[in-house]
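Trainee: Please pick one part of this structure. Walk me through it closely, with its surroundings.

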Amino acid sequence: MDPLTRPYRSLLYIPGSKPRALDKARGLDVDAILFDLEDAVSPDAKVEARATLAAALTEGGYGNRARIVRINGLATEWGADDVAALKDCGAEALLLPKVDSAADIDALAALCDLPIWAMMETPLSIFNALEIAAHPRLEGFVAGTNDLAKELGCRSRSDRLPMQMALQTMLMAARAHGVIAADGVYNQFKDEDGLRAECEQGRDLGFDGKTLIHPAQIAIANAVFAPAQAEIALARRQIAAFAESQAAGQGVAVVDGKIVENLHVETAKKTLARAEAIAARG
Ligand SMILES: CC(C)(COP(=O)(O)OP(=O)(O)OC[C@H]1O[C@@H](n2cnc3c(N)ncnc32)[C@H](O)[C@@H]1OP(=O)(O)O)[C@@H](O)C(=O)NCCC(=O)NCCSC(=O)C[C@H](O)C(=O)O
Ligand SMILES: [Mg+2]
């Protein structure tokens with residue numbers, strides 16, 4: 001899975017314990033579903049949720065939405081059984097919570113053949129982000145900003161200043177190793193303006209998309225993380241202007257008063273590839 005060929009603008013958590021929500025997701029305009037067995041499911045509902053989720057995935061109907069299952073940690077009484085029950089049901093990847101190091105990815109890799117995503121939500125995960133991203137089975141990072149805030153003991157701020165070091169470190173590691181990076185959730189799910197502002201911040205930092213907790217959040221994430229029409233038009237003009245300059249024996253073009261070099265053309269091509277991937281998802 002690659003954000004240039006498959007979009008990850010919106011990744012919706014769905015509690016494995018909620019059959020109505022599991023069914024509703026089959027019709028939602030979301031890029032990826034994070035089927036959750038961890039924090040959205042209470043301990044006394046874990047075993048039943050596992051069976052409910054396995055049945056829903058086996059039944060299918062989720063179309064081209066990426067299907068990722070968040071299991072319980074392997075140190076819990078449920079983790080290993082979650083893997084055994086869900087690794088062959090149609091999930092495309094498993095998401096491991098509370099990862100501290102690449103050794104945690106090794107432990108899950110030994111239990112299944114699926115690609116692995118890591119919740120980046122402990123202080124150790126941030127300091128070990130590079131080795132986690134470098135793991136050959138690692139495909140995606142998900143920022144766990146609620147757990148990170150709990151561990152840091154920081155205040156919740158609209159500018160997310162206390163989160164910046166962690167968010168930017170995981171992004172650097174993700175980009176160093178070609179890993180998908182999804183931003184954390186916005187808890188006030190009825191506050192559209194706040195969600196839009198946080199999506200825009202995550203997009204500007206470089207995230208591929210945002211994790212969500214409610215269907216009402218999907219449209220905003222899809223819009224913010226898609227290239228805007230003006231960006232697409234600019235990308236086309238940059239590519240054309242650079243090709244013209246090259247034909248004239250020059251290595252640099254100028255568009256709208258700004259230089260365009262080969263590296264800008266690469267970015268412009270990625271913008272067009274992302275737009276095409278979104279259009280292809282339908
Ligand atoms: C937040 C909610 C508890 C709100 O639920 P509810 O009050 O039932 O919402 P609505 O009545 O507005 O629901 C309207 C319809 O939408 C469906 N629905 C609701 N949520 C979802 C969903 N997530 N996916 C699919 N469908 C959903 C309802 O079934 C209603 O459908 P209908 O009956 O047809 O009208 C609830 O949204 C919820 O449980 N959200 C998920 C919470 C969750 O997953 N939390 C864990 C992940 S967050 C996290 O752990 C982050 C990380 O680890 C960190 O550390 O930061
Ligand atoms: Mg968490």
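**A close look at strand β3**

Mentor: Strands β3 and β4 (residues 93–96) pair in the parallel sense, over three bridges. Pairing takes at least two DSSP bridges; strands are DSSP E runs of at least two residues, helices H or I runs of at least four, numbered from the N terminus. The model is predicted: local features need pLDDT of at least 70, side-chain atom pairs 80 or more, while totals for chains, interfaces and linings use all residues. Residues count from 1 along each chain as written, and chains are lettered from A and ligands numbered from 1 in written order.

Now β3 itself. Strand β3 covers residues 66–70, and five of the five are buried, so β3 is largely enclosed by the rest of the structure. Buried means 20 or more other C-beta atoms, placed from the backbone, within 10 Å; exposed means 12 or fewer, partly exposed in between. In a regular strand, side chains alternate between the two faces of the sheet. In β3, Ala66, Ile68 and Arg70 point one way. Arg67 and Val69 point the other way. Both sets are buried.

Next, the partners. Strand β2 (residues 32–36) also pairs with β3 in the parallel sense, here over five bridges. Aspartate 36 stands opposite arginine 70 of β3. Between β2 and β3 the chain passes through helix α2 (residues 46–59), in a right-handed β-α-β crossover. Right-handed means that, with the strands pointing away from the viewer, the path from first strand over helix to second runs clockwise. Return to β4: leucine 94 is the bridge partner of valine 69.

Leucine 94 leads on to the core. Leu94 is among the residues with the most contacts inside the largest nonpolar core, along with Ala118, Phe141 and Met170. That core has 71 residues. A core joins buried Ala, Val, Leu, Ile, Met, Phe, Trp, Tyr and Cys through C-beta atoms within 7 Å. Helix α8 (residues 164–176) gives the most to this core, with six residues.

Take methionine 170 as an example. Beyond its neighbours within four places in sequence, methionine 170 is in contact (C-beta atoms within 7 Å) with Met120, Ile126 and Ala129, among others. Phe141, Ala143 and Ala181 are also contacts of methionine 170.

How values were computed: Two residues are in contact if their C-beta atoms, placed from the backbone, lie within 7 Å.
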